[in-house]
Amino acid sequence: MWPETMPPCYYKVRSEVIRLGLNAITATAKTIRETFGVRTELPRDFKLRIETEPSLTHLPPCQLARTRGGYDPFRKEIRLIGSAWCWKTLVHEVLHALSAFHRHEHLARLSVREWRGVVEGLTEFLTGYVLYQARDKRNCYKYWLEKTYTPCQISYEPYVRVFAALTQTLVPLHALTKLFFYDKTKPWEQTYAEFLRTYRLPDLLRQPDAYQLEDAITRTLRETGRNTTAETFETLIEDDLRELLDYSKTKP
Ligand SMILES: [Zn+2]
């Protein structure tokens, strides 16, 4: 993948993050809170590790063929690795740190194993929303969609497609954020049960891959008489990413 000519913003963002350290994480968390209108704080004793060399060791939450970073919910540590991370990685990992999935220990265990694909896909879908909202100030959203540069390009695309099609047909974005962000005032299981009941959806987290997730949703929509929604959902999933990830089309 390297060497690859990177845009000037890549060098600027990276040197700023390295200089600011933990303050870069708290600033990103603030941007995320403002973007979604949520109040979740980062966990106490939160850590950041920036590694200059690409790592070959096992990374529990976010292992990719091209490893850019990861969040370890048990150590409460974000890792930014080698030359492949930039702002989109930072947003993605800080979202993990703010999410219910990586805050409750029993959910974290499931989120790094059985639920991993779905949780990563949802995290990346919300990452895209943050990039989209900052599109006048940064080029990240365009680079993310068009896969212009390795560090900026979209990850977990098959899962992201499912969440994008869902939010254009059935589920408002605010319902997904309610499910995603840590809220100490309400048991997460209750929020999830209410979510599934409201939108009459199958258990999204217990699907082994993105294709079975798509099938389970389509089947449930048809079984509950929502054939038009099922058809729109299926058509949208195949759509061009620029249409599918145009967040102005998501239900607010
Ligand atoms: Zn991740």
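Which domains does the domain assignment of the chain give? In this predicted model, the assignment gives domain 1 (8-152) and domain 2 (157-249). The C-alpha centres of domain 1 and domain 2 lie 22 Å apart. Domain 1 brings 22 residues to the contact, and domain 2 also brings 22 residues. On the side of domain 1 that touches domain 2, the largest share comes from α5, with 11 residues.

The largest nonpolar core holds 68 residues. Val91, Val94, Leu98, Leu122, Trp144, Val162 and Phe163 touch the most other members. Helix α5 supplies the largest share of this core, 8 residues. Both domain 1 (8-152) and domain 2 (157-249) give residues to the core, so it lies between them.

Helix α3 spans residues 87-98. Its 12 residues reach 16 Å from the first C-alpha to the last. That is close to the 16 Å expected at 1.5 Å a residue. The helix is mostly covered, with 12 of its 12 residues buried. Among these buried residues are Trp87, Lys88, His92, Glu93 and His96. Val91, Val94 and Leu98 of α3 are buried as well.

Several elements surround this helix. The buried residues of α3 pack against the helices α1 (8-20), α2 (22-36), α5 (116-133) and α6 (140-146). They also pack against the strands β2 (69-72) and β3 (77-81). Val91 illustrates these contacts. Leaving aside residues up to four places away in sequence, Val91 touches Thr28, Ile32, Thr127, Val130 and Leu131.

The strands β2 and β3 belong to a sheet. Between β2 and β3 the pairing is antiparallel and runs over 4 bridges. Gly69 stands opposite Leu80 in β3.

Key:
Residues are numbered from 1 along each chain as its sequence is written. This is a predicted model: local features need pLDDT of at least 70, side-chain atom pairs count only at pLDDT 80 or more; totals for chains, interfaces and linings use all residues. Helices (H or I, at least four residues) and strands (E, at least two) are DSSP runs, numbered from the N terminus. The expected span of a helix is 1.5 Å times one less than its number of residues. A residue is buried if 20 or more other C-beta atoms lie within 10 Å of its own, exposed if 12 or fewer, and partly exposed in between; C-beta atoms are placed from the backbone. Two residues are in contact if their C-beta atoms, placed from the backbone, lie within 7 Å. A nonpolar core is a set of buried Ala, Val, Leu, Ile, Met, Phe, Trp, Tyr and Cys residues joined through C-beta atoms within 7 Å. Domain bounds come from an automatic or database domain assignment. Two strands pair if DSSP finds at least two bridges between them.
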